[in-house]
Amino acid sequence: YQACRRLAPFSGYCQRDAMSHRKFEHPRSGSLGFSPRKRCRRGQGRCKSFPKDDPAKPPHLTAFMGYKAGCTHILRDVDKPGSKLHKKETCEAVTIIEAPPMVVVGVVGYIKTPRGLRTLNTVWAEHLSDELKRRFYKNFGKSKKKAFTKYAKKYSDGKKAIEAELEQLKKHCCTIRVLAHTQVKKLSFGQKKAHLMEIQINGGSVAQKVDFAHNLFEKQVTVDAVFQTNEMIDTIAITRGHGTQGVVQRWGVTRLPRKTHRGLRKVACIGAWHPARVKWTVARAGQQGFHHRTEINKKIYKVGKKGEASHSASTEFDVTKKDITPMGGFPHYGIVKEDFLMIKGAVPGVKKRAITLRRSLVPQTSRNALEEIKLKFVDTASKFGHGRFQTSEEKAKTYGRVKA
């Protein structure tokens with residue numbers, strides 16, 4: 001250091017021979033794997049990848065879309081030899097996702113390029129519903145509602161143009177996906193604009209896939225045609241938004257000491273003097289929530305079909321006649337009237353949010369995946385308050401006549 005001082009007039013700067021260091025080691029707070037933490041552009045989850053295709057299987061769909069209704073809990077016996085829970089009762093949280101039939105309205109063909117897949121062509125059905133057309137307009141009420149009127153004329157000219165486009169898909173494409181939209185008008189909330197998504201067709205040859213997709217045009221596809229009970233699936237959704245949050249809430253950094261000047265829910269040092277900029281790895285305040293997230297390996301405990309016995313919450317052990325909707329309805333949602341899926345655990349997003357459901361990317365072979373689920377009891381008590389009663393009849397028996 002003294003030598004540096006003696007050389008200072010000649011060298012133009014003074015440098016210490018040892019750099020400073022932190023006194024205590026500490027792992028970083030918050031994962032950088034989810035950066036940048038910004039608001040999702042779309043209001044729905046998007047399938048960025050699909051399960052690997054197996055041409056030996058018949059053509060089938062690999063994804064679906066539903067709407068989050070709410071949560072409840074179930075009782076079941078665990079069937080896991082060797083586990084301490086084997087043949088014992090367990091209580092688990094489940095999420096109910098209402099999934100009305102989806103309508104197939106088009107087919108998209110992709111070709112391989114050096115930079116990945118590229119769309120070759122899209123073929124649409126002849127008749128499209130208004131709830132889908134609303135998706136293509138900013139203000140449907142004030143518009144002339146002319147969407148797809150010229151395209152529909154292709155069908156009136158003997159379908160030659162449509163058949164030629166389908167042949168083009170069969171000849172050149174390697175991946176076939178259908179365009180399907182939800183029937184949001186069948187649900188209990190007031191949305192009129194349908195959600196549109198691409199669903200990949202796996203199995204069979206390319207020609208078989210195109211024929212399979214063309215045969216589904218303007219037809220409804222139910223959720224039980226895509227998923228079965230005891231299957232493992234992935235959920236893709238937008239998380240609950242929390243707006244702008246500070247570093248303690250957003251990154252989990254430690255608060256500063258109580259006597260800190262100008263606030264203590266901060267990061268004390270946001271970087272060295274040089275490089276003279278703030279690195280992207282430093283925790284900063286900003287957007288939290290409303291992020292696009294994929295959660296894998298969610299087990300389907302039950303598939304409920306509208307108008308059938310499976311739509312109820314009754315089981316072999318609990319023969320009480322009760323619907324899947326709890327007393328008073330699901331909070332902030334209402335009554336589940338259409339087909340539904342019961343999925344183990346939580347699902348990202350708020351009530352009424354669109355949830356994209358996808359088949360697992362790889363076959364699941366774990367004990368949890370192979371375990372057969374037999375429900376003993378499904379809770380339908382009110383989700384407001386403590387919920388003493390499972391049905392309104394049970395409540396009436398306890399209270400008797402409550403009005404004069």
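Which residues does A147 touch, not counting residues up to four places away in sequence? The contacts are with K133 and Y137, where contact means heavy atoms within 4.5 Å. The model here is a predicted one, in which local features need pLDDT of at least 70 and side-chain atom pairs count only at pLDDT 80 or more, while totals for chains, interfaces and linings use all residues. Numbering starts from 1 along each chain as its sequence is written, and side-chain values use heavy atoms, with hydrogens and water left out.

A147 sits in the loop between α2 (130–133) and α3 (153–156); helices (H or I, at least four residues) and strands (E, at least two) are DSSP runs, numbered from the N terminus. N368 is 221 residues away from A147 along the chain, and 48 Å separates their C-alpha atoms.

Next come the strands. β4 (residues 102–113) and β5 (residues 116–124) run antiparallel and are joined by eight bridges; two strands pair if DSSP finds at least two bridges between them. A hairpin of two residues links β4 to β5, and I111 has R118 in β5 as its bridge partner.

Helix α5 (residues 206–215) has V206, K209, V210 and A213 as its buried residues. They lie on the same side of α5, because they cover an arc of only 95 degrees around the axis, taken from the directions from the helix axis to the C-beta atoms. These buried residues pack against β4, α4 (160–172), β6 (175–181) and β7 (196–202).

On a 1 Å grid over the protein atoms alone, a pocket is an open set of points with protein on both sides within 12 Å along at least five of seven lines, a cavity is a set where a 1.4 Å probe fits but cannot get out, and lining residues have an atom within 4 Å of a point. Of the 18 residues lining the largest pocket, R22, H26, V267, A268 and C269 are the closest to its centre. The lining of this pocket has ten nonpolar, five polar and three charged residues (nonpolar: Ala, Val, Leu, Ile, Met, Phe, Trp, Tyr, Cys and Pro; charged: Asp, Glu, Lys and Arg; polar: the others, Gly among them).

Note on methods: Buried means under 20% relative accessible area, exposed over 50%, partly exposed in between (1.4 Å probe, protein chains only).
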